[in-house]
Amino acid sequence: IRCWSNIPFITMPLSRAHGKPFAHRSELKHAKRIVVKLGSAVVTRGDECGLALGRLASIVEQVSMLQNQGREMMIVTSGAVAFGKQRLRHEILLSQSVRQALHSGQSQLKDMAIPVLEARACAAAGQSGLMALYEAMFTQYSICAAQILVTNLDFHDEQKRRNLNGTLHELLRMNIVPIINTNDAVVPPPEPNSDLQGVNVISVKDNDSLAARLAVEMKTDLLIVLSDVEGLFDSPPGSDDAKLIDIFYPGDQQSVTFGTKSRVGMGGMEAKVKAALWALQGGTSVVIANGTHPKISGHVITDIVEGKKVGTFFSEVKPAGPTVEQQAEMARAGGRTLAALQPEQRAEIIYRLADLLTDQREDILLANKKDLQEAENKGRLALPLLKRLSLSTSKLNSLAIGLRQIAASSQDSVGRVIRRTRIAKDLDLEQVTVPIGVLLVIFESRPDCLPQVSALAIASGNGLLLKGGKEAAHSNQILHHLTQEALSIHGVRDAVQLVNTREEVEDLCRLDKLIDLIIPRGSSQLVRNIQKAAKGIPVMGHSEGICHVYVDTDASVEKVTRIIRDSKCEYPAACNALETLLIHRDLLRTPLFDQIIDMLRVEQVKIHAGPKFASYLTFSPSEVKSLRTEYGDLECCIEVVDSVQEAVEHIHKYGSSHTDVIITENEKTAEFFLQHVDSACVFWNASTRFSDGYRFGLGAEVGISTSRIHARGPVGIEGLLTTKWLLRGDNHVVSDFSENGSMKYLHESLPLPQRNAS
């Protein structure tokens, strides 16, 4: 027995236990029984006369999809008044036109006035048509719908309430979608209610309160309230500094200023929040979201159920730490303070972090051991990923050396003048380097990435958000703690933030107002997913590392096997490892070719034959499925080309613009290859594995970029900087430079200041 409005009622038992509401968005995918409330602004057209048919069809499609997944869906809908208003206006116009045509002639038709239509009459005329429309739409998905009309009085009669409860349960049992609406044809006009003062009592005075009441009485797992705004804002939407509230907690009402209600309907956002909090108190999770936005309305319901960051999620569980939005704001503020430090101070932070990596070696390796044990116990990580996850004393020592290189090279990175121009007398222009802003770096199974990227962000004065894989949680935690300890020596602890909440990567990629650049570090699939998910935020990186080595006819026998072995076998999981070996046709069936094949067999490299290579062989290895494959393991493709020009064409067609190599003693051929291959890194007689920030002397890298804009290749400090223009004048105005003005443009180049020799 449960109590509602101080009146007890009996609910029917369910097969699924209903207790506390879900604490996190990620749990919403487990919701079985769902109520979708469609506000008047969602269902009706902008002119309020008629239904938004396309939007309604999209909502029905999403509800049908969830219903066919085995969920129990219910809809609380508005729209009868609008639909009825459309029908009655049409009837009135038709009858008036007939009467006036008979009595007054056609000349007065244009002066016809449509009387004000009473809402209850419109509802009576629109209910049947609205339901017929729902039935027709649901029939397309082989789903039956049933209509239920209720009033507030129905909830005050115990027998009626029990009947309603039983009817709804029976419909759900038969896989029928109940469509519930207030009976606006008989409902009295709305009156102020005492329940607006709290959430202990709620009465049905609009569809928001109806949806909340039904959700709790039916022990619903999730209530989705669709309106014409993105969710709940901390001040009226459209006002300056209004911010969407991602998660709303009971007790936060005092921090919110409510605006006016929507253009149609009886409830405003305050009424929605009251209803949502009441449902939350009753054990139902609630999300308020936009059901009218053309870019998201086609998947808003399914996105919410999948746990994506859409609208405002109501939760009783406050996170222990800050939200990711708060972390991004902290990183921006910290980054600006970091950029304002002296170069020596930023370098001092990095030197301190390098020392901590060696001083706290035992604690770091102990945390890493926990990650490795958990990964092995779960058996989810492939061997290449386990290797990336592993830390060692030698790795930490190499990290420390790299960080000291970054510190030494960062002395004049921020604020460096790269151009000076005298525009006119006493009007000087400078272009100087500045940080990009807030970086989001997402990385998998590579805890050594955290101090590397942190050091580069510190050196370049950028705020940093880090999102590591859960498989490296213990390692990332201690490395981030050491990073913040180093930052603390100059009071910028918040500049580097580690995201520990349950944020999905796709949700992080939507924070376009808080994040300036995304840098993915991980598998090609991760990079592709991020590039697809990022909306309005540039992504620096590469989705694939399909690296080629071309063996020319003039290649040195001694160099070929060494370079190929190193490129393929030294670390086959790396993005700069050899994936396709191109061999000049004249080298086939030569001792050099035999040496290459023998070496690959000794190293246990599985060979896939390209189409041309396979045509030369009687018994060939397995033919490659695609020449555009990144194996990431001891596998590679061998293909035959007729010339260096054909090798270049093959690389352009099947490569990923990452790193490509030529092995030859012919300088002219080598220079042709170096100049014509359009990749981020092009080498002559050197392993592909040299494509690395540390090996380039950058100290470390945030990744390798194959983009053609901004940074390309291994990205160090320089790639994390942009520029701004500084103009210093003395009462200068543009009108002085007009045809009859008193001043002339000079545009003289000025010498740059001396760079710090240290």
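**Ground rules.** I number residues from 1 along each chain as its sequence is written, and side-chain values use heavy atoms, without hydrogens or water. Because the model is predicted, local features need pLDDT of at least 70 and side-chain atom pairs count only at pLDDT 80 or more, while totals for chains, interfaces and linings use all residues.

**Entry 1, strand E6.** I took helices (H or I, at least four residues) and strands (E, at least two) as DSSP runs, numbered from the N terminus. I looked up burial (under 20% relative accessible area, 1.4 Å probe, protein chains only). Seven of the seven residues of E6, residues 176–182, are buried, so the strand is largely enclosed by the rest of the structure. Ile 176, Pro 178, Ile 180 and Thr 182 point one way, and Val 177, Ile 179 and Asn 181 the other.

**Entry 2, neighbours of E6.** I counted strands as paired if DSSP finds at least two bridges between them. E5 (residues 144–150) runs parallel to E6 and is joined to it by seven bridges; Ala 146 has Pro 178 as its partner in E6. E4 (residues 72–77) is also parallel to E6, with two bridges, and Val 76 stands opposite Ile 180.

I checked the span of residues 449–460: the twelve residues reach 16 Å from first C-alpha to last, close to the 16 Å expected at 1.5 Å a residue (1.5 Å times one less than the number of residues). Twelve of the twelve residues of H14 are buried, among them Cys 449, Gln 452 and Ser 460. Gly 461 follows H14 and has a positive phi, near 70 degrees.

Technical notes: Buried means under 20% relative accessible area, exposed over 50%, partly exposed in between (1.4 Å probe, protein chains only).
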